[in-house]
Amino acid sequence: MSFNALMVEKDDEGKTHAAVTQIELDQLPDGNVTVAVEYSTVNYKDGLCIGPGGGLVRNYPHIPGIDMAGVVESSDDPRYAKGDKVLLTGWRYGEVHWGGYAQKTRVNADWLVALPDGLSTRQAMAVGTAGFTAMQSVMALEAHGLKPANGPVLVTGAAGGVGSVATAILANLGYEVAGVTGRPETADYLKSLGASQIVAREEINETVKRPLESEMWAGCIDAVGGAMLARVLGQMKYGASVASVGLAGGAGLPATVIPFLLRGVNLLGIDSVMHPYENRVAVWKRVATDLPMDKLEDMVVPATLSDLPKLGADILKGQVKGRVVVDVN
Ligand code: NDP
């Protein structure tokens, strides 16, 4: 029985090519659970894995897709049985291992999470790694003392995947949210998700001139990194924390240590890939309770496997708004 998959091949000149193709079940890698995939999504990393690889993909041909949700078809693991609804994010699935851009996938049971109550497989993929990481970031900020009364929370890369979900969760929890975007045309969208203030990217993207500016933000979820993160550190309120999630604007950090030393600012590292299982379950539970599903639906851009080569290129250029949901069937 053959099925559809987005396969990336590398030619003799080292160039990658992605196309939908038919493959057989016995071509799938080893694993103890086989899942009929229903939905996947497109994260920034997927853009790299559909395209040039970004050092993430080790072997070709490769099936990308770092997230998937579907129904267990067969399982040699006692934790999962045929018919169970499951999701998978992280563990280098779709990078080192063949991923979710296929109608079937074979995986290690340790990587799976049972679909949380209250979420459909489609909603779980509207959340995906980007939304999971946004929730993880909110929880990290809360664990470091963030409360709505502390003041406004800044979200950078706000119209992207991480930023959109972070904005909707924070607003729903009663926070005042300021969204940084380089796309002014997304202002109404960000306001509909709950942002009360829109900050233009240019306003905050300059190199640090003064290590400390006025205290503005009670917290920050940063998907951008680089000069923007450096600048934001100097704008944090006393004792506030920044969750460092992404590098859409660069991996460098041209900052000084002054905000740490004089304002007790905390820089919290957020990794969704190797996040331990128990915490994953806790994060997904919070997603199901704290992310308003109508707002999630407003972020969704529907897609199919054949749309992926274009969407992969678009997300690398920062041109995808919200969350793509890929119906692989
Ligand atoms: P998206 O492309 O959906 O969002 C990124 C957003 O960043 C863009 O939409 C854009 O927002 C902004 N942006 C893009 N380029 C620049 C630039 N040059 N300067 C400033 N802002 C820019 O990606 P995701 O939301 O999926 O991922 C965001 C980042 O988080 C990525 O770097 C990704 O690798 C990382 N990530 C990390 C995870 C972890 O475990 N730590 C998990 C998931 C993602 P706007 O148009 O509003 O300005």
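A residue is taken as near a molecule or strand if its C-beta atom, placed from the backbone, lies within 6 Å of it. The structure is a predicted model, in which local features need pLDDT of at least 70, side-chain atom pairs count only at pLDDT 80 or more, and totals for chains, interfaces and linings use all residues. Residue numbers start from 1 along each chain as its sequence is written.

The ligand is surrounded by 33 residues, and the closest are Gly157, Gly160, Gly246, Gly249 and Gly318. By class, this shell has 15 nonpolar, 14 polar and four charged residues (Ala, Val, Leu, Ile, Met, Phe, Trp, Tyr, Cys and Pro count as nonpolar, Asp, Glu, Lys and Arg as charged, and the others, Gly among them, as polar). At least two residues of the shell come from each of helix 1 (44–50), helix 2 and helix 3; helices (H or I, at least four residues) and strands (E, at least two) are DSSP runs, numbered from the N terminus.

Helix 2 (residues 121–143) and helix 3 (residues 161–172) have axes that come within 8 Å and cross at roughly 50°. Axes are lines fitted to C-alpha atoms, for helices over the stretch in contact, with angles from 0 to 180 degrees between N-to-C directions. The two helices are therefore oblique to each other, as angles under 35 degrees count as roughly parallel, over 145 as roughly antiparallel, 65 to 115 as roughly perpendicular and the rest as oblique.

Strand 4 (residues 67–75) pairs in the antiparallel sense with strand 3 (residues 33–41) over six bridges, where pairing requires that DSSP finds at least two bridges between two strands. Gly70 in strand 4 stands opposite Val37.
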